[in-house]
Amino acid sequence: MSVPHEAKPRTTAVVLAGGTGQRVGLSIPKQLLKIAGKAVIEHTLTIFQNAEDIDDVIVLMAPGFVPDVEKIVAKAGLTKVIKVIEGGSTRNETTERAIAALGEGLAEGEDRNVLFHDAVRPLLSQRVIKDCVDALGRYQAVDVAIPSADTIIVTRTHGEDGEFITDVPDRSRLRRGQTPQAFKLSTIRKAYEVAAGDPNFQATDDCSVVLRYLPDVPIHVVAGDEYNMKVTQPVDVFITDKLFQLASTAAPRQADEAAYRELLSGKTLVVFGGSYGIGADIGTLAEQYGAKVYALGRSTTGTHVENPEHIDDALSKAYAETGRIDYVINTAGVLRIGKLAETDNTTIQEALNVNYLAPVQIARASYKYLAETQGQLLLYTSSSYTRGRAEYSLYSSTKAAMVNLTQALADEWAGEGVRVNCVNPERTATPMRTKAFGQEPEGSLLSSEAVARTSLDVLLSAMTGHVIDVRQQDPTRDVAEASGFEQALASVLDRQEDV
């Protein structure tokens, strides 16, 4: 039974956030747990905020925690969220409350699309949302599922002897259900109206209600994603946090050269590590667009980032001369290769001072200036941060620390409007790399100019707490069509060879 083709109806996402967090050992609902610097529910709501196919969002929150979500919505500027209401004591009751809220204000005979999604699935892709909405152009009910990689067994308990297998279904026909589950509002409303006449009615998902009480309505299945996981067990918290840490984010490009000039004119940039390479290129670009740039480096201005006094002096000078500091960038770093057991104390101390302690000192000293302008601190990591390698222990471990520092400071400084991001270039042609590896095949490395351009895009964006990958375009694959987590998984594999 297909739905007749007509004008596209309004589409509402209903985020179901009634969980208590008991299974992950929390005293607060698990959807309020912070992962990658933000509450799980904020990640989920942001997905729908950015979805072109979603018109508005309703949240069904665990009783007693509605104000917490309202604060998150207001602070994050999630304008598509039109209601936050208390959920019921059961999944059935929560969905019924959502259906009632969705029906408010609808004209006689008017219908709408509705997507029910678990708040604790914060890795949902835009592709799945689009596929669900598109499918509602042809069907009244849609589920999202993935094949089961595991063999599923059916068991029966025999007293104190425990469980025994009674059946092993054909795995090729088994699917693992995910969310969203999507419906025409009229369809899911009718299913619950029929179910209300069943004294034994109880359901853990909404497609099963349609399947049981409206058996003539086919339920179309949209392909889900392996990483659209549900944060349920303690291990899920760790895995989800790691996926967010690995996932790359694209910085929005400005429309044209005039836009860069408008946004950077009159702004002050302080670039540590600005003598050459990426830092120097950022300074050159920013100056072309009218910014006042203080490019600082050991070889040009005698600025040693491992010296806190040099950092303070550089920032004080820039502020005294321009009356503001809008952006602070640190590209300074050292790459020392060798076995740790054979590395002397001086080399170890240098790596820690330049690659870790210097960014910490720069962040601390920059805070008061950036809070005044609601500016941004931009740090840099390396493709080696995801996995330590032999003979790169100092470098890769300090670069991993930059990611954690970025996410922590983004959360810590959010109240003051200070943004903190981290750029992660793949292998880039810089003097530091040439010194460590010598000349490499032409075309095998990113240009420092390309990294600098992306860095400007990050600085001019509203992003905070993100790790932004800068990669060479793969001619065999349209990266723009891949989700952030598909790119992340591909990046992890690629990084097994990168340094």
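Trainee: How do you know which hand the crossing of α10 and α11 has?

Mentor: In this predicted model, the crossing of α10 past α11 is right-handed. A crossing gets that name if the near helix is turned clockwise from the far one by less than a right angle.

Trainee: What makes α10 roughly parallel to α11?

Mentor: The axes of α10 (residues 308-322) and α11 (residues 345-373) cross at roughly 25 degrees and come within 9 Å. Angles under 35 degrees count as roughly parallel, and therefore α10 is roughly parallel to α11.

Trainee: Which residues of α10 and α11 meet there?

Mentor: From α10 come Pro308, Ile311, Asp312, Leu315, Ser316 and Tyr319, and they meet Ala358, Gln361, Ile362, Ala365, Ser366, Tyr369 and Glu372 of α11. By class, that contact holds 8 nonpolar, 3 polar and 2 charged residues.

Trainee: Now the other pair. Why is α1 called oblique to α2?

Mentor: Good one to compare with the definition! α1 and α2 pack at an angle of about 50 degrees, and their axes lie 10 Å apart. Roughly parallel needs an angle under 35 degrees, and roughly perpendicular runs from 65 to 115, so α1 is oblique to α2. The crossing of α1 and α2 is right-handed.

Trainee: What makes up the contact of α1 with α2?

Mentor: Ile41, Glu42 and Leu45 of α1 touch Val69, Ile72, Val73 and Ala76 of α2. Sorted by class, there are 6 nonpolar residues, no polar ones and 1 charged.

Trainee: How do you know that α1 is mostly covered?

Mentor: Of its 10 residues, 9 are buried. Among them are Val40, His43, Thr44, Ile47, Phe48 and Gln49.

Trainee: Which residues have the most contacts inside the largest nonpolar core?

Mentor: Those are Ile41, Leu45, Val57, Val59, Met61 and Ile129, in a core of 34 residues. Elements giving two or more residues to this core include α1, β4 (56-61) and β7 (141-147), while α4 provides the largest share, 5 residues. Apart from this core lies another, of 30 residues, with Val305, Ile325, Ala363 and Leu370 among them.

Trainee: What does Ile129 touch?

Mentor: Not counting residues up to four places away in sequence, Ile129 touches Ile47, Phe48, Ala51, Asp53, Ile54, Leu115 and Leu124.

Trainee: What makes glutamine 374 and glutamate 391 worth a look?

Mentor: Most residues other than glycine have a negative phi. Yet glutamine 374 has a positive phi of about 50 degrees, and glutamate 391 has a positive phi of about 75 degrees. Glutamine 374 sits in the loop between α11 and β15 (376-380), and glutamate 391 in the loop between β15 and α12 (393-412).

Trainee: Last one: where is the cis peptide bond?

Mentor: The cis bond joins threonine 179 and proline 180, with omega about 15 degrees. Proline 180 lies in strand β10 (residues 175-184).

Technical notes
Residues are numbered from 1 along each chain as its sequence is written. This is a predicted model: local features need pLDDT of at least 70, side-chain atom pairs count only at pLDDT 80 or more; totals for chains, interfaces and linings use all residues. Side-chain values use heavy atoms; hydrogens and water are left out. A nonpolar core is a set of buried Ala, Val, Leu, Ile, Met, Phe, Trp, Tyr and Cys residues joined through side-chain atoms within 4.5 Å. Buried means under 20% relative accessible area, exposed over 50%, partly exposed in between (1.4 Å probe, protein chains only). Helices (H or I, at least four residues) and strands (E, at least two) are DSSP runs, numbered from the N terminus. Contact means heavy atoms within 4.5 Å. Axes are lines fitted to C-alpha atoms, for helices over the stretch in contact, and angles run from 0 to 180 degrees between N-to-C directions. Angles under 35 degrees count as roughly parallel, over 145 as roughly antiparallel, 65 to 115 as roughly perpendicular and the rest as oblique. Ala, Val, Leu, Ile, Met, Phe, Trp, Tyr, Cys and Pro count as nonpolar, Asp, Glu, Lys and Arg as charged, and the others, Gly among them, as polar.
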